[in-house]
Amino acid sequence: MNKKRFAGAAVATPLTPDLGIDHACLVAHITQLLERGIDLLTLFGTTGEGPSFSRNERSEAIRRCRESGISADQLGSGVFALSSVHAGEDARAAFDNGCGHVLLAPPCYYKGLDDEGLYRWFSETIESAGANPGQFVLYHIPGMTQVELSVELVSRLAAQFPSVITGVKDTSGNWSHTERLIRERGALTVFVGHEGQLERGMRAGASGAIAGSANVLPEVIKAIVHDDNEEPNLPLLIDELLRHPIIPAVKALIAYRLDSPAWLSVRPPLTQLASKHISSLGERLDALFPTDAHRIR
């Protein structure tokens with residue numbers, strides 16, 4: 001990651017009627033995101049329902065994306081695992097199939113973890129990934145994992161693996177934590193994961209975003225990250241999304257803008273939004289970001 005700023009997308013995963021990955025739709029979607037100004041794609045993160053797919057499913061989708069011409073520098077994948085061995089193997093599979101980075105979440109079964117235990121787990125994961133790995137972006141998303149990645153832990157890991165751990169994505173929504181990560185980042189790339197705080201983060205010196213809303217509004221994310229634009233309606237949309245289960249809500253907005261009900265499908269244990277919620281979200285999207293300027297084409 002040698003750029004100073006990244007307009008990144010946390011890519012949603014389109015599904016077939018039998019809930020397999022729709023590879024053709026996925027390739028078309030990410031190609032369009034790149035054409036509309038996104039420069040970094042992370043598959044199978046939270047928005048991409050990463051924990052719901054097997055290693056083989058993720059690997060096949062990554063391979064299809066690479067074969068379509070997407071470069072490794074632009075492509076990454078989420079890694080969610082409990083054992084460090086499995087996490088390392090998942091990371092290795094992502095790198096071997098064409099990813100330049102992985103977004104590595106902490107283990108989330110045990111609670112009340114301390115920094116020492118987490119440091120050992122992350123270290124073992126990187127060692128399990130083998131020689132010459134790609135780049136690791138640490139993933140701080142305590143709303144999902146219930147695990148906190150302290151600034152001290154992030155700094156210690158970055159110092160231990162300076163050419164391997166190259167970034168951190170903070171989706172905590174805790175501005176004091178995000179701001180401190182930015183201030184004390186050293187050589188790390190810091191991604192703001194809560195888009196409602198993206199403008200604030202960029203003003204403080206963040207490196208960009210890996211944003212779920214980029215699936216629908218890539219130009220808006222690009223404008224904030226690369227052009228220092230003010231987009232006061234984005235936090236309003238994020239607040240509206242967060243009133244619903246976030247993954248089905250993002251897919252509902254994609255389906256609404258594309259007029260494609262197939263995008264509504266999610267894998268169990270998730271369920272798609274009710275029709276009334278899809279309609280209200282779509283109307284809010286149209287009010288905040290009119291379709292003539294921001295329609296998915």
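Cys65 is buried, because its relative accessibility is 0% (buried means under 20% relative accessible area, exposed over 50%, partly exposed in between; 1.4 Å probe, protein chains only). Cys108 is partly exposed at 36%. The model is predicted: local features need pLDDT of at least 70, side-chain atom pairs count only at pLDDT 80 or more, and totals for chains, interfaces and linings use all residues. Residues are numbered from 1 along each chain as its sequence is written, and side-chain values use heavy atoms, with hydrogens and water left out.

Zero disulfides were found in the whole structure (a disulfide is a pair of cysteine sulfur atoms within 2.5 Å). The cysteine sulfur closest to that of Cys65 belongs to Cys99. It lies 8.3 Å away, too far for a bond.

Helix α12 covers residues 275–288 (helices are DSSP runs of H or I, at least four residues, numbered from the N terminus). Its buried residues are Ile278, Leu281, Gly282, Leu285 and Leu288. They cover an arc of only 130° around the axis, so they lie on the same side of α12 (the arc is that of the directions from the helix axis to the C-beta atoms). Ser275, Lys276, Glu283 and Ala287 are exposed on the other side.

Aromatic pairs number six (ring centres of Phe, Tyr and Trp, its six-membered ring, within 6.5 Å; planes under 30 degrees apart are stacked, over 60 edge-to-face, the rest tilted). Trp121 and Phe122 form an edge-to-face pair, because their planes stand at 85°, with centres 5.1 Å apart. Trp121 is buried at 9% relative accessibility. Phe122 is buried at 0%.

Definitions and conventions
Helix = DSSP H or I, 4+ residues; strand = E, 2+ residues; numbered from the N terminus. Expected span 1.5 Å × (residues − 1).
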